[in-house]
Amino acid sequence: MDPQDPSAGRPGLPSSPSGRVPQWIVDEALGLAAPAEPWRSPGPPPRRRRRWGLWSGLLVVAAVAGAATLVDPADLPWAPPLPQASPGAPPPPARPTDRPTPNGEVVRLAPLPLPPPVGGTYGFTTLQDDGVTPVAYDPCRTIHYVLRPDAAPPGGEQLIGEAVQRISAVTGLTFAFDGYTDEPLTTERAVFQPERYGDQWAPVLIGWQSDAENPALAGDVVGEAGSAAVSLGDGPKVFVSGTVALDAVQLPEILGERDGAATVRGIVLHELGHLVGLAHVDDDDELMYPEARRAVTDFAPGDLTGLTALGSGPCVPDL
Ligand SMILES: [Zn+2]
């Protein structure tokens, strides 16, 4: 056992082959990245403030990427000019260039899952203006995603695919894999990229990165994820795209550990929880606790309650 590791000798915890019990901060809980911290009970106010403050920082980045209020044009959808339009008729509204053609869907694509067991803790990354209702993806719209395969470990794609199936099952949101991309993985990402992805919101981008490529993954941080929201006029904010960055160095190492596959699966699910709008909680029985634990590798009751709410967002057919 590593005498420097405060978790050494703690009963009930599996040891790695080296005898140490490595723990990995799941993601953007910067500042908490010291391996000595994880097994302490969550210290309330200071750590909480740091986490939320940090997440707020990420949201600012997402805002740059496109959490924008779009101007409501006079007419929707934007019809092509009619050939029979008389010379004196006013021109049809110009088609906005900052968004795709709206899909107009008002029926959710999949039923909402049954309510989860009551209990547990959950929180949301982004709220509507009422300060209560979470911002969510549109359940009437397929969430397309693409993979950036660079630096993916063996089995990485399958792992992501299974995690996406799981988040889909527990939210009732519909996902579709659109293939591979060489788009750079950055949080400062345009949510509408017609040259690359055509007339749709840019698909969610999932990929693998090293600390050198993404400083947010430095230290024990193994993932970063979030989504960008837009709104139309005074309408509800809705997530339309997002990114998930997975640590290309540490996660393959964890995969090689005993029970590593389940741990990494839990980490990917945690990141997908962020993607659809779950925030961290101080309850270490939940998967959205900021640190990865071998004991919790799937969504717990609080996570599931939050995910059900995030699968119940409004349909926004004009976006
Ligand atoms: Zn997290």
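These legends describe several close-up views of one predicted model. Residues are numbered from 1 along each chain as its sequence is written. Because the model is predicted, local features need pLDDT of at least 70, side-chain atom pairs count only at pLDDT 80 or more, and totals for chains, interfaces and linings use all residues.

**View 1. Overall layout of the protein.** The protein has 6 helices and 7 strands. Helices (H or I, at least four residues) and strands (E, at least two) are DSSP runs, numbered from the N terminus. Their order from the N terminus is α-β-β-β-α-β-α-β-β-β-α-α-α. Of the 319 residues, 39% count as buried. A residue is buried if 20 or more other C-beta atoms lie within 10 Å of its own, exposed if 12 or fewer, and partly exposed in between; C-beta atoms are placed from the backbone.

**View 2. Strand β7 and its partners.** Two strands pair if DSSP finds at least two bridges between them. β6 (residues 223-232) pairs with β7 in the antiparallel sense over 8 bridges. β5 (residues 204-209) pairs with β7 in the parallel sense over 5 bridges. Here L205 stands opposite T243. β2 runs parallel to β7, joined by 2 bridges.

View 3. Contacts of V238 beyond four places in sequence include V135, Y137, A229, G313, V316 and L319. Two residues are in contact if their C-beta atoms, placed from the backbone, lie within 7 Å. In the hairpin of β6 and β7, 5 residues lie between the strands, and G233 takes a positive phi near 55 degrees.

**View 4. The largest nonpolar core.** This core has 62 residues. Such a core is a set of buried Ala, Val, Leu, Ile, Met, Phe, Trp, Tyr and Cys residues joined through C-beta atoms within 7 Å. V238, V268, L272 and V276 have the most contacts inside it. Helix α5 (residues 260-276) gives the most to this core, with 7 residues.

**View 5. D282 in a loop.** D282 is found between α5 and α6. D282 counts as partly exposed because it has 17 C-beta neighbours inside 10 Å. T121 is 161 residues from D282 in sequence, yet their C-alpha atoms are 8.1 Å apart.
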